[in-house]
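Take a look at the structure below.

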Amino acid sequence: MKLLIVDDSSIMRRTIEKNLGDYNLEIIGTASNGNAALEIVKEKKPDVITLDITMPEMDGITCLENIMEIHPSAKVMIITALSDKLTGLKALDKGARGFMYKPVNAEDLKKAFDKLLKRQE
Amino acid sequence: MDTKREDFETTCNLFIQALENYFKHLTDVTSEIGVPFIKESETLSLKNFTGLIGISGNRKGFVYISADKSMYADLINIFIGIEEPTTEDILDMAGEISNVIAGSVRANYGNNFNISVPIVFEGMPKQLKFPAEVAVFVIPMKWKGHEAFLVVGLE
């Protein structure tokens, strides 16, 4: 399965990449904003996407809406610092398959991805 | 207790919880929180590297974390195993901490507590000053011996 990691923090992108190393996921790209992410989605059609919300140029919610239009089968896991419930519900309503609040540690990522990928089998 | 003091304590506690949770959850090492104080001077409390988030919506102001390179380097080493991070990595780490702390507090203030993308800088920028109408308080902290400040200014 192809994975795209979208977060404006390079440390966060590399943390996610490191912690998802045990899964059978091919990291086909990383992006630091929604516009860059959409280019990769159009070209490479990732199966799984981790998506931050607060990013420059295009925020994650707008990016999610666009992803659902161009590649609706993508499984999007939102990973954000915005910890209010409404943001989570909004993302799920727009097509995200999962939602995680930062700070996210290795165990949190593992639990969430076990669930996300199991659901996909 | 007067409203101003009550508001100061409530806000302080929210940021302290977010700060403590960040370090404990990601590193398993508890941070030591010092006694918060209200800042009267117009100058900033700064270490060498700072990540700042602007706040708008139902509250207006900012929050920033400031620490020396060694603290961010220690965190980066824990997260991704890099021993000699670049300056860009250090600034990115400062921005990400401030983002997560401000975002955590949003759970209490609601989705009209808007946070900006991080502004990061090294050293003391000349153009940054506290707005006069904002009450600023400083939460000193230590994590693994590294000193840092979380500074919050909210209308």
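Predicted model: local features only at pLDDT ≥ 70, side-chain atom pairs only at ≥ 80, totals over all residues.

From α2(B), the residues in the contact are B:K69, B:M71, B:Y72, B:A73, B:L75, B:I76 and B:F79. From α3(B) come B:D89, B:I90, B:M93, B:A94 and B:I97. By class, this contact of α2(B) with α3(B) holds 10 nonpolar residues, two charged ones and no polar ones.

Now move to chain A, where helix α1 spans residues 10-19. How does α1(A) lie against α3(B)? The two axes cross at roughly 90° and come within 8 Å. So α1(A) is roughly perpendicular to α3(B). On the chain A side, A:S10, A:I11, A:M12 and A:R14 take part. They meet B:D89, B:D92, B:M93 and B:E96 of α3(B). The residues of this contact of α1(A) with α3(B) divide into four charged, three nonpolar and one polar.

The helix α1(A) also packs on α2(B). Here the angle is about 30°, and the axes are 9 Å apart. The cut-off for roughly parallel is under 35 degrees, so α1(A) counts as roughly parallel to α2(B). Four residues of α1(A) make the contact: A:I11, A:R14, A:T15 and A:K18. Facing them from α2(B) are B:I76, B:I78, B:F79 and B:I80. By class, the contact of α1(A) with α2(B) has five nonpolar residues, two charged and one polar.

Step back to the whole interface. In total, 26 residues of chain B are in contact with 23 residues of chain A. The size of an interface is often given as the accessible area lost when the parts come together. Between chain B and chain A, about 1900 Å² is buried, and 58% of that lies on carbon and sulfur atoms.

Which charged pairs bridge the two chains? One of them joins B:D89 to A:R14 in a salt bridge, with the closest N and O atoms 2.4 Å apart. Across the interface of chain B and chain A there are three salt bridges. There are also 13 residue pairs in polar contact, both residues at pLDDT 80 or more.

Which helices of chain B supply the side that touches chain A? At least two residues come from each of α1 (3-27), α2 (69-80) and α3 (87-109) of chain B. The largest share, 11 residues, is from α3(B). By class, the side of chain B that touches chain A has 14 nonpolar, eight polar and four charged residues.

Salt bridges also occur within a chain. Over all chains the count comes to 11. One of the pairs is A:K42 with A:E39, at 3.8 Å from N to O. Both A:K42 and A:E39 lie in helix α2 of chain A, three residues apart, about one turn of the helix.

Finish with two backbone details in chain A. A:K45 sits in the loop between α2 (34-44) and β3 (48-51). Phi of A:K45 is near 45°, a positive value in a residue other than glycine. The peptide bond from A:K102 to A:P103 is cis, with omega near 5°.

Key: Residues numbered from 1 in each chain as written. Chains lettered and ligands numbered in written order. Heavy atoms only, no water. Contact = heavy atoms within 4.5 Å. Buried area = accessible area lost by both parts, 1.4 Å probe. Salt bridge = Lys/Arg side-chain N within 4 Å of Asp/Glu carboxyl O. Polar contact = N/O pair within 3.5 Å; in protein donor to acceptor, adjacent residues only side chain to side chain. Nonpolar A, V, L, I, M, F, W, Y, C, P; charged D, E, K, R; others polar. Axes fitted to C-alpha atoms, helices over the stretch in contact; angles between N-to-C directions. Parallel < 35°, antiparallel > 145°, perpendicular 65-115°, else oblique.
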